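I opened a new notebook page today. My plan is to go from the whole chain down to single residues.

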Amino acid sequence: MEEDKPIRRKYTDLERKDIFDNEFLPHLDAMYNFAYRLTFDQDDAKDLVQDTYMKAYRFINSFQQGTNAKAWLYRILKNSFINDFRKKSKEPGKVDYQEVENFYNSDNVDESKTVDLRIDTVKDMIGDEVTNALNSLAVDFRTVIILCDLEGFTYEEMAKILDIPIGTVRSRLHRARNLLKEKLKSYAETMGYK
């Protein structure tokens, strides 16, 4: 028996605008937060969200109106992130040596200070220890924690977003939580938890 495929429909320009404005745009902040937690960079997160919304508009006829627009957008964002990550991992590292030289030759440089803007930006959202532990997880584990525990998606929604079986979602989430728990164990003990 064949699985029912969603019917692709050709939306009018007015319907496309309505779907985009009323079903996609309300999730803009959540999309940015997810993108930032994946990339740790404000500019990369903005680029990823912009790319996601461009693809969503371009392929809007694949979206079935009235279904979970947020999950559909998350899946596009996740796929874009993975594709970009694969592409960048195959590229050799790039350094602007002129910029580095100018920085260290300037009079007002303090070499003893190193600033990690990712930590400064995220530290007010979650405690530093939790943020650092979450960020140290592999991207597959970090993603399921973000989707489930921070964004509140169901296992079924996560399976669709990540394009993996629901059993894999459950086992990956279980492993991710155990890894996170292990990373936070000593911190919890210093805070008086056993």
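Helices (H or I, at least four residues) and strands (E, at least two) are DSSP runs, numbered from the N terminus. From that end on, I read α-α-α-α-α-α-α-α-α-α.

I noted where the numbers come from. This is a predicted model, in which local features need pLDDT of at least 70, side-chain atom pairs count only at pLDDT 80 or more, and totals for chains, interfaces and linings use all residues. Residues are numbered from 1 along each chain as its sequence is written, and side-chain values use heavy atoms, with hydrogens and water left out.

Next I looked up burial. Of the 194 residues, 32% are buried (under 20% relative accessible area; exposed is over 50%, partly exposed in between; 1.4 Å probe, protein chains only).

I then checked contacts (heavy atoms within 4.5 Å). Among those with a separation of 6 or more, 68% join residues 24 or more positions apart.

I picked Thr 39, which sits in helix α2 (residues 28-39). Is Thr 39 buried or exposed? Thr 39 is buried, because its relative accessible area is 19%. Leaving out residues up to four places away in sequence, Thr 39 touches Asp 44, Ala 45, Leu 48 and Phe 81.

Last, I turned to helix α7 (residues 128-135), where Thr 131, Ala 133 and Leu 134 are buried. Seen down the axis of α7, the buried residues fall within an arc of 165 degrees, so they line one face of the helix. The arc is that of the directions from the helix axis to the C-beta atoms.
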